[in-house]
Amino acid sequence: MQCDAKTIIESISTALLVTDSQLKVAFANTAAEQLFSMSRSKLQGIKLTDLIDAREKNLIETLQHSNVPTFQGFTATDITFSPDPHVHFHADMYLSLYTGRARGLVVEIHRLDYQQKLNEDLQRRNQNLAARDLIRNLAHEIKNPLGGIRGAAQLLEMTYSTDSELKEYTKVIIEQADRLKALVDRLLGPQRANPRTMTNIHYVIEKVLSLESMATQGRLRFEKDYDPSLPEIMLDLDAMQQALINIISNAIQALTESNTTYPTIKIRTRALMGALVGGVKYPMSIEVSIIDNGPGIPEEIKDMLFYPMVTSRAEGHGLGLSIAQNIVEHHNGTIECESTPGCTVFKLILPLTTNNNNAGSK
Ligand SMILES: Nc1ncnc2c1ncn2[C@@H]1O[C@H](COP(=O)(O)OP(=O)(O)OP(=O)(O)O)[C@@H](O)[C@H]1O
Ligand SMILES: [Mg+2]
């Protein structure tokens, strides 16, 4: 068997970069594209030091002051990389001298938290499923007798149609039963899936933004940062619109209730290489980030954010995020959240399967 070096370099799971003498990326293999979630054309020209988190001051200084042509090579362990302000991961980095026609550095990067992230994702997913099943079963148990209660109240109302005081009571029973039914229906979620259509994700986002802009009437700013080259994806349009509305409405509520100055919601779309969703690694996914500059998620609910009935708002039901997550999971995707005061990011990851039809199961 004949092996060529180029195919081997593209097949290995180690991310490999080669920089020029100015530390600018000149080459990136497929694993590096996946690790940094950037195409090689985007990676090319970026300085190695700009891919590393600014808090790694010593390492960045060492690299900036190193004389590449006489570089000795070294290993840096447990380094935080941050190719973009919203992405952080830990990795070991091995640097050696590239002695091709021009001098540069060969950089091998081994991600450290990959297995840990995989385990955490699966654990979180299982916990969410268990909580959701519990609530659904409870909702079913409430729904059946509720129909009976409402029906009996209606019969009473008809029987005592002349007694206005009794009619008041039956009216209360019927109203409250209807209110409870609406809540239970939200808890149970959509009962059947709609057909899916090949769609540009920006079409759905624009529709949601026009609705939300009308509702907010210029009281807050919507910023768009789209990657126009994203491929189309199979979507249940109504459901995906609902998921986005739930997340954006939360951001609007957080910004309005906190009286944030310059309240802004930014919608960012990107292609994501090698995303890990539910223990499966997808070559390409669409990432939609909804970023707001509000007060952030209250610390006490952060760990259970996507559970049904978890809320910090007096009039909230705590269902918006649970429903959004359910919808995104029906598209084989996932939602991640990172939040600090002043910056809350909800990231929807929607994988494209090989036939670009993500309607089926994994
Ligand atoms: N962008 C955000 N900024 C701050 N807190 C948020 C944000 N998004 C969600 N939250 C918090 O997460 C909680 C849960 O959100 P979720 O949408 O599930 O329920 P809710 O908004 O409280 O009620 P519902 O959506 O059912 O009316 C909210 O009560 C709020 O505390
Ligand atoms: Mg909500």
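**Notebook: a predicted model of 362 residues**

**Entry 1. Overall form.** I began with burial and found that buried residues make up 26% of the 362 residues in the protein. I record here that the model is a predicted one. I next looked up the secondary structure, which comes to 10 helices and 12 strands. How does the radius of gyration stand against that of a compact globule of 362 residues? The protein has 26 Å, whereas such a globule would have a value near 21 Å. I also noted the box filled by the C-alpha atoms, which is roughly 100 × 55 × 35 Å along the principal axes. I then turned to contacts between residues at least 6 apart in sequence. Of these contacts, 61% join residues at least 24 apart.

**Entry 2. A hairpin.** I looked up strand 3, residues 74-84, and strand 4, residues 87-99. The two strands run antiparallel, and seven bridges join them. They form a hairpin, with two residues between the strands. Which residue of strand 4 stands opposite alanine 76? I found methionine 93 in that place.

**Entry 3. Helix 9.** I then followed helix 9, which covers residues 237-257 and has 21 residues. From its first C-alpha to its last, helix 9 reaches 30 Å, close to the 30 Å expected at 1.5 Å a residue. I looked up burial along helix 9 and found several buried residues, among them Ala239, Met240, Leu244, Ile248, Asn250 and Leu255. What covers the buried residues of helix 9? The cover includes helix 8 (201-216) and helix 10 (320-330). It also includes strand 8 (233-235), strand 9 (264-277), strand 10 (280-292) and strand 12 (343-352). Asparagine 259 follows helix 9, and I noted that its phi is positive, near 55°.

**Entry 4. The surroundings of ligand 1.** I counted 23 residues around ligand 1. The closest are Asn250, Thr311, Ser312, Gly316 and Gly320. Which elements give two or more residues to this shell? They are helix 9 and helix 10. Helix 9 gives the most, with four residues. By residue type, the shell divides into nine nonpolar, 12 polar and two charged residues.

Methods: Residues are numbered from 1 along each chain as its sequence is written. Chains are lettered from A and ligands numbered from 1 in the order in which they are written. This is a predicted model: local features need pLDDT of at least 70, side-chain atom pairs count only at pLDDT 80 or more; totals for chains, interfaces and linings use all residues. Two strands pair if DSSP finds at least two bridges between them. The expected span of a helix is 1.5 Å times one less than its number of residues. A residue is buried if 20 or more other C-beta atoms lie within 10 Å of its own, exposed if 12 or fewer, and partly exposed in between; C-beta atoms are placed from the backbone. Two residues are in contact if their C-beta atoms, placed from the backbone, lie within 7 Å. A residue is near a molecule or strand if its C-beta atom, placed from the backbone, lies within 6 Å of it. Ala, Val, Leu, Ile, Met, Phe, Trp, Tyr, Cys and Pro count as nonpolar, Asp, Glu, Lys and Arg as charged, and the others, Gly among them, as polar. The radius of gyration is taken over C-alpha atoms; the globule rule is 2.2 Å times the number of residues to the power 0.38.
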